[in-house]
Structure formats: C-alpha cells, structure tokens
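Welcome, and please take a moment to look over the sequence and the 3D structure shown here.

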Amino acid sequence: MAKGEDADVSSTQAELEYWAEQARRIEWQAFPRTILDDAGGDGPAARWFPDGQTNLCFNAVDRHAQARPEAVALRHVSSETNETGHYTYAQLRDEVCAVAAMLVTLGVGQGDRVLIYMPMIPQAVFAMLACARIGAVHVVVFGGFATDSLAARIADAKPAAVLTADAGSRGGKIIPYKPLLDAALARVPECTPSVVVYDRQLADAPHTDRRDFDWMTLRSRCAGRPIDCVWLPSGAPSYVLHTSGTTGTPKGVQRDVGGYAVALATAAAQVFHADRSDVFFTASDIGWVVGHSFIVYAPLLIGATTLLYEGTPLHPDPNVLWRICAEHRVTLFYSAPTALRVLRKQAACDPAAHDLSALRGIFVAGEPLDEATAAWIQQASGKPVIDNYWQTETGWPILAVPWHESGAQAGQTSKLGSCGRPQRGYVPVIVDPDSGTPLPAGEKGLLALRAPLPPGCLTTLWQAAARYRDTYWTVGPDRTLYSTFDWAVRDANGDFMILGRTDDIINVAGHRIGTREIEAVLNGHPAIAESAVVGVHDEIKGQTSWAFVVRREQPADGVSRDDVELAASAGSAVDRSLGAIARPSRVIVVPALPKTRSGKVVRRSLQAVSEGRDVGDISTVDDARVLDAVRAALASPD
Ligand code: ATP
Ligand code: MG
C-alpha cells in the first residue's frame, strides 16, 4: 500500500471515530454499530449510522420535555398580526402530539409525504415535528410561492395530506393561501390528499367537502389520543425540500433521520458555539433550508429556544429585527446578506440604538456577503459577523468563519469577505472543472467536496436517484467529487472565498472573472446599495460584463445623483481594484434587482434580458415586474 493511501485510511478512521463520538449528542433507540456504510468508497451511496434507530421529534422535543418541561422551546412574534407568545417544551410536545394524532386519523403513516404550505406560525412547526414523530416525510413549500411552484412540488411529492392556513401576511398585505392551493391541486388531479386548514381568520377559505378539514375541529376530535414517536432506521427519509431554484428547476433534496440529527446537534455546537441557554433568531422562512435547520431542528435538538418570526425586515419600520433581538434577549441572530443590504439602504436603521447586550453574533448565509455590507453591519451593531457557506443539499455549513476570527475586535477585519474554513467532516477542494485536478491556493476553480459527504447531507434526490448521481457526482477520478456548482478560491491561510456560481462566471477574452468579485467592488461605492453583474455575449471578447446597480436611499454627502457620473465612477473603482479587464462595459442604474423569494439575485434573468433573449422559467422570481423596469432601463440611452 502506498504511503498516501495509508494516511487516507487513518484519517478515515479518525473521521469515523469523530462521528461515533458526535452520535452521542442524540438519543438512539438502537445505537449504531456501523458508523458509515460507504459501499466501497462510492460517494453517492454513503449511508451514515445505517443500523441505528432514532427519531427526530423525540430528540428535538420529548427528551427535553421530560428533562426540562418548563424550559421555553418556541417563541413566536408576528409583526403582521402583532401576535406574540411562547411554548415550553412540555407544551410543544402536547401540540406536536395533537397534530400527529390528526395526521394518523387521516390515515397518514410512515413514509407518506405531508405537504406543509403555511405561514410562519407555530402550527407550521408543530406540523413539521408531527411528521417527524410518526415517520411521515414533510415537504415544506414556502408560503410565498403561488400556484405554479406549488403544483410542481405537489406533483413531485404526491402528498397524502396537505396542511395549510387560510392566509399569510407579508409587509401588511394579506395573501390568501387556500385559493392558490386549490388551483394547484386542480392541476395535479392524480393526487388527492386530505387538506387541513388552520383558520387565522385573515381571509375567506373556500371549502371542498370530504377533502378539506378545519384544523381546530379535527384537533378537538383527536384530542388526548397518545401518539408515540416511531423509531426509524437512521437512513429513513425525514424530509424532502426543494432547492431555491435560482438556477432553474428546483431539485427535491432528500434527507435522512439519524445523520441529520447528529450533524445539526454538532453544527450548533461547532459553528454557533450554542447550548441550551441560547435564544436563536433565524430571520428566514421554514420554506428554506436555513429555516429547517436553524429555526426548527438545530435549536430544538440542543434544547435551546427558537424564535419564529412572521414579518419582513422593513415592516413596520427598518428596526423591527433589532427590537425583537432586544426584547427577547436573542443571543444568536441569523440572516441573509440580502436582508442586510436592504437594511443598509435605510437611513433609519440603527441596530446600536437597541439593547443588544445578549447578542453574541450575527450569522449570515445564502449569498456572497460583500465586504462593504459586512463592515457596515459589524460597525452598526458592534457584533461579530459570521459568514457561512452551504446549500440546501448539505443541510448545514460547509465553510464558516471561525468565531474567534469573526472580526469582533478592532483590527480583526481582514476576514471580511471570506466565508471561512471547512467545518469538520467536509473536505472541500478547488479543482479544474474539466479534469477534476486539484488547484493550488490562490487559483480559482470549481468548489468540490470529497466523498463521502458528512452526516446531514442529502442522501439522494426524491424519486430521482439517477438525476442525483448525474447532477452532483460527475467530477474527478471515479466521480468521487461532489460538485457545489460554485466558483471559489482559497488563500494561503486556508480561508475560502466564493466567487459566484459556475454558471455566472464571466469569460472576458479568456479571463475568468467571478461576478461576485466585481459586485463586491461596486457595493463598496458610496452611492450603491446593491449590484448584480452578468456576462453578456460580445463578438470580439466572447463576453463583457454588464453591471446592474441599485442606488442607496441616502448616499454619502457629496455623491452625485447623476447616473452617467455614477456609471463612470463605479467603472473606475472596478478598474482600480481588479484591473481594466473586469471593468463593466455598461453600468445600468435600476430601481431593484430580480430576486428569488429567498432574496437571491436571479442573474440568469438579467443576462437573458441583456442579450435580448427570452427569460425562460422565472416562476421563482419574486416580482417579475422588476424585469420590466430593467428592460426599460436598458432601453434608455446611457
Ligand atoms: P438552485 O440550486 O435551485 O439553483 P440555490 O442554489 O440558490 O438554488 P440554495 O441551496 O438555497 O439554492 O443555495 C445555495 C447556494 O447559495 C450556494 O451554492 C451558493 O451559490 C450560495 N451561497 C450560500 N451561502 C453562501 C455564502 N456564505 N457565500 C456565498 N454564496 C453562498
Ligand atoms: Mg444550488
């Protein structure tokens, strides 16, 4: 055996011992004797803790309800309806049991899918945990999606039951859910689930006899029926969650039970330095992976408190998030760069004017966090900022800024702009996208992960094993590298920087430039709040970059309001930082950028509009009218 292989074997052994140790963070009905079955080193088929038996709901709810029944599990705040409240672990267990009893009454059993299309109210969390309790597979669909997106997910999941509410509310506007759901179900006639409607009395909900049930009526019919946690094989599916659809058709990521529980309990400790005394406020939605992992599962798995927020960062005013942090003594706040950029635009946003003394850190993920925004939030809040990089597929952070280097202290701002280092369990490598050959520090390439992926990552795509293998596992010798489809670079220190998605890389006269590099410079311009850069076909250079920029509400004194001047000074800033090759050949001032409902910029739609092409499937774009404004801006002379 060659020397290198020897080292590999011992490091694998160390990994197995490490995860065997982490597995003790949760309770098992049967502790796994086998830690990893990787079927002969085949990445796609790795199975963690295969002979273990456990239950996510037992670990997230029951064990704490037994040990600390009065500890607060869930706080909820709605800036839409002004309702607030909380549930102790004992109350949470009772509520979860009630919903589990409703599901069982409707005939839902282990392995059946339950689609949850609900606003950010406690009942949505009860619903997820109730599924986990009985071994049903939850499929949460973001409440902001309308008929098309919903119908696609119903057709993919074929749920036995759908749990919904009469309406959600966003920025003060009521959005009736039930008519959207009815229309979506009508599109998938082969699927005939029972529908349970939680009536918040916000909107009229049309009723279909023999299919629809009123939540509270059904609940009282099932009250008191004891429903035990079902012990599940570690590898049983816990949930299916579709990716955000930033790059096209969403993929149904399938997760297991045991690996996910172990991974999240571990991540809570490693990335967040959290324990049961913490109050997590993840200002996201349960429809996204951060919501699954850091609103619901991680905080509850470690017995901490989680705060569920219905509302936007701006309603009723741009300090609402900081008020909640102060009022509820939040210790860990988790958000997305897009939310911070929106807040930075607002002159009135002032985190430091609130009592943030309990707050230990601000975590962000989802998109590149540019230096300007990172520096702003750090300065405005006085708190460390911990950027972390991961995907729906992985379920928990791949890379994260180590806490002690997060820039909390003066003079430690050098890490801004990096999303940190690999978390234990992940082996990220930057490779040449064609050959899969690893590249040295300082060279840009495709970010890939070596097999096996650690616990908690996707086990396959729902009912699409071939798509799973052919999408993610096509790189490297013997296809043992998982492709993240992100473009990145690692510095000599081992810190990673995400440069954009592989699809978004711009190739100007043979030079590959990440959109994020140019955007980071533009966002540092005193008049610019946010930007999106795309590659546009060019006869001579192959591609040139075009920059779409949104102005700050109140630019710094002395900054011109003239668009032509802005374009010129933004172009020169890129020249100075990155060189003339990266300078956008057009800078277009637009009122807003097209984003997915989770706030990610949909660059492909900007590129299509710029190249005069059809924008294709934009069902995941939040507000399609933004693209009309972009078209208008492009049509007006520079
Ligand atoms: P789809 O896969 O359907 O196109 P999506 O990739 O946006 O949608 P998610 O899983 O929600 O779906 O997002 C993961 C992606 O978000 C990553 O692959 C990366 O491109 C980006 N991302 C996440 N966190 C960070 C971060 N900290 N810095 C830079 N980019 C990030
Ligand atoms: Mg993706």
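Let us begin with a term: a polar contact is a pair of N or O atoms within 3.5 Å; within protein, one must be able to donate a hydrogen and the other to accept it, and residues adjacent in sequence count only if both atoms are side-chain atoms. The model is predicted, so local features need pLDDT of at least 70 and side-chain atom pairs count only at pLDDT 80 or more, while totals for chains, interfaces and linings use all residues. Residues are numbered from 1 along each chain as its sequence is written, chains are lettered from A and ligands numbered from 1 in the order in which they are written, and side-chain values use heavy atoms, with hydrogens and water left out.

Now find S293. The backbone oxygen of G395 lies 2.8 Å from a polar atom of the S293 side chain. The side chain of S293 also makes a polar contact with the side chain of Y260, at 2.7 Å. S293 sits in helix α9, residues 289-301; helices (H or I, at least four residues) and strands (E, at least two) are DSSP runs, numbered from the N terminus. Is S293 buried or exposed? S293 is buried, because its relative accessible area is 0%; buried means under 20% relative accessible area, exposed over 50%, and partly exposed in between (1.4 Å probe, protein chains only). Contact means heavy atoms within 4.5 Å. Leaving out residues up to four places away in sequence, S293 touches Y239, Y260, L264, A298, P299, W390 and G395.

Next, let us look at pairs of helices. Two packed helices are described by the angle between their axes and the distance between the axes. Axes are lines fitted to C-alpha atoms, for helices over the stretch in contact, and angles run from 0 to 180 degrees between N-to-C directions. Start with helix α5 (residues 147-157) and helix α6 (residues 178-187), whose axes come within 8 Å and cross at roughly 50°. That angle makes α5 oblique to α6: angles under 35 degrees count as roughly parallel, over 145 as roughly antiparallel, 65 to 115 as roughly perpendicular and the rest as oblique. On the α5 side, the contact is made by T147, D148, L150, A151 and I154, and on the α6 side by L180, L181, A183, A184, L185 and R187. Sorted by class, this contact has eight nonpolar, one polar and two charged residues; Ala, Val, Leu, Ile, Met, Phe, Trp, Tyr, Cys and Pro count as nonpolar, Asp, Glu, Lys and Arg as charged, and the others, Gly among them, as polar.

A second pair is helix α11 (residues 337-344) and helix α12 (residues 371-381), with axes that come within 10 Å and cross at roughly 70°. Therefore α11 is roughly perpendicular to α12. L340, R341, L343 and R344 of α11 meet A372, T373, W376 and I377 of α12. The residues of this contact divide into five nonpolar, one polar and two charged.

Some backbone details deserve a look too. Most residues other than glycine have a negative phi, and most peptide bonds are trans. The peptide bond from H315 to P316, however, is cis, with omega near 5°. P316 belongs to the loop between β17 (305-310) and α10 (320-327). Another cis peptide bond joins A451 and P452, with omega about -5°, and P452 is in the loop between β24 (445-450) and β25 (460-461).

Turn now to phi. K158, in the loop between α5 and β8 (161-165), has a positive phi near 45°. K158 counts as partly exposed, at 46% relative accessibility. Q201 has a positive phi near 60° and lies in the loop between β11 (194-198) and β12 (212-214). With a relative accessible area of 68%, Q201 is exposed.

Finally, visit helix α16 (residues 603-610). Why is α16 largely enclosed by the rest of the structure? Seven of its eight residues are buried, so the rest of the structure largely encloses α16. The buried residues are R603, S605, L606, Q607, A608, V609 and S610, and they pack against α14 (515-523), β30 (528-538), β31 (542-551) and α17 (625-635). Just after α16, G612 takes a positive phi of about 70°.
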